Amino acid sequence: MPVEITWWGHATCTVSDSGVRVLTDPLFARRLAHLRRRRGAVPPPEAAEADVVLVSHLHADHLHLPSLARLARGTRLVVPRGARRALPGLARLAGVMGLVVTEVVPGEVVDVRGEVRIRAVSARHDGRRLPVGPQRAPALGYVVEGAGRTYFAGDTGLFATMAEEVGPVDVALLPVGGWGPYLGPGHLDAQRAARALASLAPAAAVPVHYGTYWPIGMDAVRPHEFHAPGEDFARHALRLAPKVTVRVPDHGERVSLP
């Protein structure tokens, strides 16, 4: 059975495998602080339908409480260990919504349904809840293991043991950009993501985390960093990982892989 990926924008995807819907880093906002959604409609209500939701780290564009409030009561939520302590609002929301929160660290596995399970892996990214306070939890990636093996990298820089820690995968969802004109440490741009792809060697890949949100008033500052990363990733991947099938979906588009 193929794995189906729907990219809703930014790092928000639905991974459908063996009848299980896995939602990553849900962000359904038109505006978040100084960011405005510049491409793609706000995802429709069905985007919030999920059997399990994965949160990669505490940054507000990945752990967005108003978006989590759109989940159905009782939805299972997998977060980095320490997230509830670091973010009391998450604990309050989980109580109100009846969310089943599971905190994990790299190497831990969460059984979902049938043969589908979630394996947490490490990431190289600042996992604090910014901009204030020492609230900390590790940044994570996840591997959805079912009929296929789908790696959702969350936000991460390139690191030497990535392929070893992630293990064999069929599909890789890799961040290739960001929400501003410059990427700091702990991120992948299109070229570094292609290098990660060459190391991971999946059958297929989808670029994410680009081309959705942009700071208000900065439309003319390095606009190629907003528009180009997806196609740039495909171009670099053709050179560095020519055996990998790369799909660059539009916002809201569903693709079947491999």
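The following legends describe one overall view and several close-up views of a predicted model.

In this predicted model, local features require pLDDT of at least 70 and side-chain atom pairs pLDDT 80 or more, whereas totals for chains, interfaces and linings use all residues. Residues are numbered from 1 along each chain as its sequence is written, and side-chain values use heavy atoms, with hydrogens and water left out.

**Figure 1. Overall view of the protein chain.** The chain holds 7 helices and 17 strands, taken as DSSP runs (helices H or I, at least four residues; strands E, at least two) numbered from the N terminus. Its C-alpha trace spans about 50 × 45 × 35 Å along the principal axes. Of the 258 residues, 55% are buried (under 20% relative accessible area; exposed is over 50%, partly exposed in between; 1.4 Å probe, protein chains only). Among contacts (heavy atoms within 4.5 Å) with a separation of 6 or more, 68% join residues 24 or more positions apart.

**Figure 2. The aromatic pair of Trp7 and Tyr210.** The whole structure contains 2 aromatic pairs, defined by ring centres within 6.5 Å for Phe, Tyr and Trp (its six-membered ring), with planes under 30 degrees apart counted as stacked, over 60 as edge-to-face and the rest as tilted. The ring centres of Trp7 and Tyr210 are 5.2 Å apart and their planes lie at 10°, so this pair is stacked. Trp7 belongs to strand β1 (residues 3–9), while Tyr210 occupies the loop between β14 (204–208) and β15 (213–215); the two are 203 residues apart. Trp7 is buried at 1% relative accessibility, and Tyr210 is buried with a relative accessible area of 5%.

**Figure 3. The aromatic pair of Trp214 and Phe226.** Here the centres are 5.4 Å apart and the planes at 70°, so the pair of Trp214 and Phe226 is edge-to-face. Trp214 lies in strand β15 and Phe226 in helix α6 (residues 224–227), so the pair ties together parts 12 residues apart in sequence. Both Trp214 and Phe226 are buried.

**Figure 4. The surroundings of Ile216.** Ile216 sits in the loop between β15 and α6 and is partly exposed, with a relative accessible area of 35%. Leaving aside residues up to four places away in sequence, Ile216 touches Arg31, His34 and Arg36. The C-alpha atoms of Ile216 and Arg31 are 9.5 Å apart in space, although 185 residues separate them in sequence.
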